[in-house]
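Here's a friendly walk through one protein model, written for someone meeting it for the first time. Have a look at the picture, then read on.

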Amino acid sequence: KSFLATATTKKLTATLKDANGKAIAKKTVTFTVNGKTYKATTNAKGVATVKLALSAAKTYKVTIKFAGDGVYAASNKQVTVKLIKEATKLVAPNKTFKRTLKTKRVIVTLRNSKNKAMAKKVVTLVVNKKRYTVRTNSKGQAIFNVALTKRGTYKYTAKFAGNTQYKAISRNAKIVVR
């Protein structure tokens with residue numbers, strides 16, 4: 001028996017074949033990673049697929065096992081799966097405000113590579129040498145109330161520092177106060 005393992009987007013697949021290379025269907029295969037065991041049943045092509053509950057971008061060792069049955073002997077294989085940090089998108093718009101407007105609100109949006117909002121992530125905004133830090137809401141929006149009272153054009157930088165799962169990103173834009 002042999003396994004061929006591949007990992008894509010936190011899914012791991014293994015193909016179970018007999019000694020002649022024929023796919024073995026309807027058999028339970030276990031995947032053990034980080035002390036947690038996942039089970040899957042092979043399909044008609046001998047492929048078992050599991051979704052892994054892993055978030056940190058690092059290298060994991062995965063043990064794949066077929067326990068055997070009355071027809072087929074047990075088989076196992078250890079593979080290495082490397083999760084890479086997921087790309088992020090940060091939208092930082094140019095904004096224009098009237099000088100007399102008391103609250104100048106800048107909304108920066110953080111999304112993952114699948115364009116889904118990233119909630120509860122820390123985003124910083126630096127404008128006119130002042131740093132603002134907020135967490136994104138459920139829509140992935142970081143809402144900043146910026147204190148600028150003088151007319152002019154101000155450059156700002158919005159930044160997500162990244163974490164064990166997501167890549168860092170920063171964007172530059174302008175605020176115009178008229």
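Strand β14 (residues 152-160) lines up with strand β15 (residues 169-177), antiparallel, through 9 bridges. A word on terms: strands are DSSP runs of E with at least two residues, helices are runs of H or I with at least four, and both are numbered from the N terminus. Two strands count as paired when DSSP finds at least two bridges between them.

This is a predicted model, where local features need pLDDT of at least 70 and side-chain atom pairs count only at pLDDT 80 or more, while totals for chains, interfaces and linings use all residues. Residues are numbered from 1 along each chain as its sequence is written, and side-chain values use heavy atoms, with hydrogens and water left out.

## The three-strand sheet

Another open sheet has 3 strands in the order β8-β10-β13, with antiparallel pairing. Here β8 and β13 are the edge strands, each with a single partner, so one side of each is left without a neighbour in the sheet. Ignoring direction, neighbouring strands of this sheet are turned by 20° against each other on average.

Now for the pairings themselves. Strand β8 (residues 88-91) is joined to β10 (residues 104-112) by 4 bridges. Along that pairing, T88 stands opposite N112 in β10, and L90 has L110 as its bridge partner. Between β10 and β13 (residues 141-146) there are 6 bridges, again with the strands running antiparallel.

## A salt bridge between loops

How many salt bridges are there? The count comes to 1, using the rule that a side-chain nitrogen of Lys or Arg lies within 4 Å of a carboxyl oxygen of Asp or Glu. The partners are K27 and D69, and their closest N and O atoms are 2.5 Å apart. K27 is in the loop between β2 (11-17) and β3 (28-33), and D69 is in the loop between β6 (59-66) and β7 (75-82), so the pair ties together parts that are 42 residues apart in sequence.

The cut-offs are under 20% for buried and over 50% for exposed, with partly exposed in between (1.4 Å probe, protein chains only).

## Some loop residues to look up

Start with A56, in the loop between β5 (47-51) and β6. A56 is partly exposed, with a relative accessible area of 22%. Setting aside neighbours within four places in sequence, A56 is in contact with L83 and T164, where contact means heavy atoms within 4.5 Å. From A56 to A142 it's 86 residues in sequence and 23 Å in space, C-alpha to C-alpha.

Then there are two asparagines. N34, in the loop between β3 and β4 (36-41), has a phi near 55°, which is positive although the residue isn't glycine. N34 is exposed, at 58% relative accessible area. N115, in the loop between β10 and β11 (122-127), also has a positive phi, near 65°. N115 is partly exposed, with a relative accessible area of 43%.

## The whole chain

Stepping back, the protein chain has 15 strands and 0 helices. Its C-alpha atoms fill a box of roughly 80 × 25 × 20 Å along the principal axes. The radius of gyration is 25 Å, while a compact globule of 178 residues would have one near 16 Å; the radius is taken over C-alpha atoms, and the globule rule is 2.2 Å times the number of residues to the power 0.38.

Buried residues make up 34% of the 178 residues. Among contacts with a separation of 6 or more, 48% are between residues 24 or more positions apart.

Notes: Axes are lines fitted to C-alpha atoms, for helices over the stretch in contact, and angles run from 0 to 180 degrees between N-to-C directions.
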